[in-house]
Amino acid sequence: MDTFVQQLINGLNIGAIYALIALGYTMVYGILRLINFAHGDVYMVGAFAGYFLALSLGLAAAPSFLSLGIVLVGSMLIAAVVGVIIERFAYRPVRKYSRMTTLIMAIGVSLLIENLFVAQIGAAPRAFPDFLGSQSQLPYRLFGNAAISKAQIVIFLVSVALMVLLQWIVYKTKVGTAMRAVSFNLNSAKLMGINTDAIISLTFGIGSALAAAGGVLTAQYNPNIDPLMGILTGLKAFVAAVLGGIGNIPGAVLGGLLIGAAETFVVGYGHHIGIASTYRDAVAFAILILVLLIRPSGLLGSTVQEKV
Amino acid sequence: MLTLENVSVNYGAIEALTGVSMHVEQGEVVTLIGANGAGKTTTLRTITGLLQPRQGKVIFEGEDISAKPTHKLVARGISMSPEGRGVFANLSVRENLQMGAYLKKNKTEIAADMERAFKMFPRLKERESQKAGTLSGGEQQMLAMGRALMSNPRLLLLDEPSLGLAPLVVHTIFEAIDEIKSKGTTILLVEQNAHAALGHSDRAYVLETGRIVMEGPSKDLANDPRIKEAYLGE
Ligand SMILES: Nc1ncnc2c1ncn2[C@@H]1O[C@H](COP(=O)(O)OP(=O)(O)O)[C@@H](O)[C@H]1O
Ligand SMILES: [Mg+2]
């Protein structure tokens, strides 16, 4: 039982980060019907933005919640700008062509970002500063042997706060209502006087900021960041979005948590049924294939599935 | 108020409008009738900036608006209830109306406008917090019109508001059109229901395969033998 609870805590923790990233995939898909393959790279850019921000502000030497907060917010803002620029200069000009063109553009942008970073700063991992102090990975015992670390608590709290904030923006504010309107019917939204290009920019900005938060939070338990870190994590978050029902915001959160939990359970229990822990990264993609076969619209998606 | 000068519009290589010229004056209800595929929707989409003319000009209150983006035209006072209603099925009735007032800042003014829409279409009030996707076709049309009025347009474009509706609902819709006109809003009404459209408008244009083939006071057109035969089924 203890280990089950422990696995669940660990799984949901990783899952919360997948969820943050999955939200960006799903929001952009909802509004443009585009799989933004560069989104995982924005997550990486977010982590590096945090890293360089910490170095340049000298925050690495002053571990505190405040330092983490500054780095988190700073990296979210930088990533938001990066996301908006990608949309403005890569996707918007080709939006009038077929969706396939935009998709290929997304793959191109993704590879460009990765290779630019490798060229600029090298492929070797860098160590993200530890803001939570040397005690950050030490567990607080909950009950039995189940425990939770300070880093995990921070990850939970920050990601839940961000998801609640997003939920509020999308469902309670005028601009959020406009986002939902644009995603349902672009031309009708224009006829309301909505500057739909601005709403699309905003969507990219918000999604990218959430991915950056995911990047900084990931670095709180795994400080090794490198230019290719967004590939696998990005793909898993994409699977999470598909699992939840791409285009569906609560679905992205659910999908993220499920993928995170599934991964950890494979590591924790897989050996009982003959699945080695090395299958950890394969799980998400096995789930992807199962979802596509059994319920292509995802868990919370509408049953009518549009072709990408 | 609104003038189209020799407007041609293409979908790729296909020409949908050829040299269309028409005008709508302040306070008028003008109707544009024509068979399916004649180019009525294309005309309205061009006026609202959803399509750009290949040739010719759209002039609104003295200004060439041919290249202006749609959302700027809403700010200038043009609003449209589009073909197929175009309601946001994923939003509630109230949220749909709020989107109609997107460019307005004044909350009390928006609330008053919403009351006005509810007064015009009491059914919407009953369905206020329901998702628009759960409404009947007639209710969705009421919502599309109520929503289009939320921006207090000076020119209202209506694309086949009566399409596919039961006679009783069609009656409600045309009553609303009369009411909107009586309050001074200029209307350009596109209809396949030529009978009702001619009965509720001041002037009419007839569109055939992208060309204006006839125009005149609606009363005269309603008595024209060619119109009677082709559009009124008499
Ligand atoms: N998106 C489009 N792409 C290509 N052709 C179109 C498109 N929309 C309309 N058309 C064509 O343009 C012509 C006029 O269409 P439309 O303006 O919708 O007519 P109406 O509203 O009078 O029924 C028709 O021949 C139609 O097939
Ligand atoms: Mg039409």
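This note goes through a predicted model of chains A and B, point by point.

1. Conventions. The model is predicted, so local features need pLDDT of at least 70 and side-chain atom pairs count only at pLDDT 80 or more, while totals for chains, interfaces and linings use all residues. Residues are numbered from 1 along each chain as its sequence is written, chains are lettered from A and ligands numbered from 1 in the order in which they are written, and side-chain values use heavy atoms, with hydrogens and water left out.

2. The interface. Contact (heavy atoms within 4.5 Å) joins 22 residues of chain B to 19 residues of chain A. The two chains bury about 1,800 Å² between them, with 65% of it on carbon and sulfur atoms; buried area is the accessible area (1.4 Å probe) that two parts lose on being put together, summed over both.

3. Pairs across the interface. One salt bridge is found between chain B and chain A, a salt bridge being a side-chain nitrogen of Lys or Arg within 4 Å of a carboxyl oxygen of Asp or Glu. Arg180(A) and Glu95(B) form a salt bridge, with their closest N and O atoms 2.9 Å apart. On the side of chain B that touches chain A, the elements giving two or more residues are helix 2 (70-76) and helix 3. Helices (H or I, at least four residues) and strands (E, at least two) are DSSP runs, numbered from the N terminus.

4. Buried means under 20% relative accessible area, exposed over 50%, and partly exposed in between (1.4 Å probe, protein chains only).

5. Helix 6 of chain B. This helix covers residues 137-149, and its 13 residues reach 19 Å from first C-alpha to last, close to the 18 Å expected at 1.5 Å a residue. The expected span is 1.5 Å times one less than the number of residues. Helix 6 of chain B is mostly covered, with 12 of its 13 residues buried; among them are Met142(B), Leu143(B), Met145(B) and Arg147(B).

6. Helix 5 of chain A. The 23 residues of this helix (residues 150-172) should span 33 Å, and the end C-alpha atoms are 32 Å apart, which agrees. Its buried residues include Val154(A), Ile155(A), Leu162(A), Met163(A) and Ile169(A). The elements covering the buried residues include helix 1 (2-32), helix 3 (65-91) and helix 10 (249-269) of chain A.

7. Leu155(B). This residue is in strand 7 of chain B and is buried, with a relative accessible area of 0%.

8. Ser162(B). Is this residue buried or exposed? Ser162(B) counts as buried, at 7% relative accessibility, and lies in the loop between strand 7 (155-159) and helix 7 (167-182) of chain B. Its side chain makes a polar contact with the side chain of Glu191(B) at 3.0 Å. A polar contact is a pair of N or O atoms within 3.5 Å; within protein, one must be able to donate a hydrogen and the other to accept it, and residues adjacent in sequence count only if both atoms are side-chain atoms.

9. Salt bridges within chains. Over all chains the count is 25. Asp281(A) and Lys236(A) form one at 2.6 Å between the closest N and O atoms. Asp281(A) is in helix 11 (residues 280-294) and Lys236(A) in helix 9 (residues 229-244) of chain A, so the pair ties together parts 45 residues apart in sequence. Asp281(A) is partly exposed at 31%, whereas Lys236(A) is buried at 3%. In chain B, Glu61(B), Glu63(B), Lys68(B), Arg76(B) and Arg154(B) are linked in a network of salt bridges.
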